[in-house]
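This report covers the surroundings of the ligand and then the aromatic pairs.

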Amino acid sequence: MPTRRSFLAAAGLTAAGARAADPPLAPPDRQPPDLVLPDVPARQAKWAVVGLGKLAIEEIMPAFGRARLAKPTALVSGHPDKARRVAAAYGIDPRHIYSYDTFDRMRDDADIDVVYVVLPNSMHAEYTVRALRAGKHVLCEKPMATTVAECRDMIAAGREAGRKLMIAYRLRYEPFNQTVIRLCREKAVGELRTFEASNNQVTPAPNIRLSRALGGGPVQDVGIYCINAARYVTGQEPAEVTAFEHRPRDIARFREVPASVAFQLRFASGVLAHCDCSFDAAESRRYRVHGTDGFLDLDPAFSYRGLRLTVAKPSGREQVSLTEVNHFAAEMDHFSDCVLNGHDPRTPGEEGLADMRVIAAIEEAARTNRAVPLPPADPA
Ligand code: NDP
């Protein structure tokens, strides 16, 4: 039997004669007083996702639910049944499902602003250029393409079409890697001297990553995170590259791509980076930046979630507390903002091209057993 006071409080009423200082017990408006309502963006960019594989289905489509400025409105797939099911799950009108053959018809679809290319690496260049020529802005997954020449063609196609091109370097849109960049620029651990990074995983067959024809390989797939991090942490371009690779051709899944690659980057400032990547080692995704006064350790550094940043000084070590975000939602919101409000993306095609130059140099260094110099500037 409720008391009179609890009955009134539950109804959002205060009993007569109650002392002014008495706080209400149940929320008077029948909702938590600290409830923060979502803001309603005036506009959202409309996105087509191309290639419904593991990344698209497991990470990107769910991430739209966390994005403010991006909404999925179209799909491109070689498997219509799968596409219809994904469309139903995300409220996408099935009239906006395309195949690779009908891809160019997106030109006439006003419900698409942005095309997100999530295809095997060997298909990035073709579908990016076709989407740009169809008048759409493009977010293309990493690695940007398979050759430096393809990267240049993609950048040129964006310029000619007057459309934006961004490469999906999700770590540039999340707070842990952004904090490392800021701490390095502020010289929080002094002058940078060396950088070490590993990105390893076991990749069983079948997988697009094990096919040369599809642009696979450990450097292209996971080593690229080490390359990109070495560049964004130092804010410099490497001047010279050396590399070793292990190709156990008697193991069937490594007939076409190396199992492991170790590479070194020399920067003109004197910073040295040493990195390794593998499709045949247990998951480990980390880097450490060594300065004259301490080091920054991010471990894991390249995973989708659970990143941990430690700052180490001679006086002790501290773990940095940051609120993690959904990487894919953050990068889709960034690009949507660029498209809706006319800004330039933080990781444009030139970023993908810069990494591709390093990848090409690593391949040459491993093949020739020689250090490969990289010219200081590379106009796209
Ligand atoms: P999957 O193999 O899981 O999916 C690729 C999809 O591409 C397929 O499901 C298929 O979709 C489509 N496709 C079209 N032609 C082919 C073909 N000839 N062979 C295989 N697939 C084809 O790859 P992922 O989703 O793991 O990777 C896709 C891209 O995303 C890669 O470039 C990869 O580097 C990148 N990636 C980026 C990550 C990041 O963190 N940024 C993480 C993981 C991957 P459909 O059936 O719909 O046509």
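## Ligand contacts

An N or O atom in the side chain of Tyr 225 is 2.9 Å from an oxygen atom of the ligand; a polar contact is a pair of N or O atoms within 3.5 Å. Taken alone, the ligand exposes 900 Å², and the protein buries 82% of that (Shrake-Rupley method, 1.4 Å probe). Polar side-chain atoms also lie 2.5 Å from a ligand oxygen atom in Tyr 100 and 2.7 Å from one in His 79.

This is a predicted model, in which local features need pLDDT of at least 70 and side-chain atom pairs count only at pLDDT 80 or more, while totals for chains, interfaces and linings use all residues. Residues are numbered from 1 along each chain as its sequence is written, and side-chain values use heavy atoms, with hydrogens and water left out.

## The shell

There are 28 residues around the ligand, each with a heavy atom within 4 Å of it. Those that come nearest are Ser 77, His 79, Tyr 100, Asn 121 and Arg 170. By class, the shell holds 14 nonpolar, seven polar and seven charged residues; Asp, Glu, Lys and Arg count as charged, and Gly is among the polar ones.

## Aromatic pairs

Rings of Phe, Tyr and Trp (its six-membered ring) pair if their centres lie within 6.5 Å; planes under 30 degrees apart count as stacked, over 60 as edge-to-face and the rest as tilted. The count comes to nine aromatic pairs. Trp 47 and Phe 64 have ring centres 6.1 Å apart and planes at 75°, so this pair is edge-to-face.

How values were computed
A polar contact is a pair of N or O atoms within 3.5 Å; within protein, one must be able to donate a hydrogen and the other to accept it, and residues adjacent in sequence count only if both atoms are side-chain atoms.
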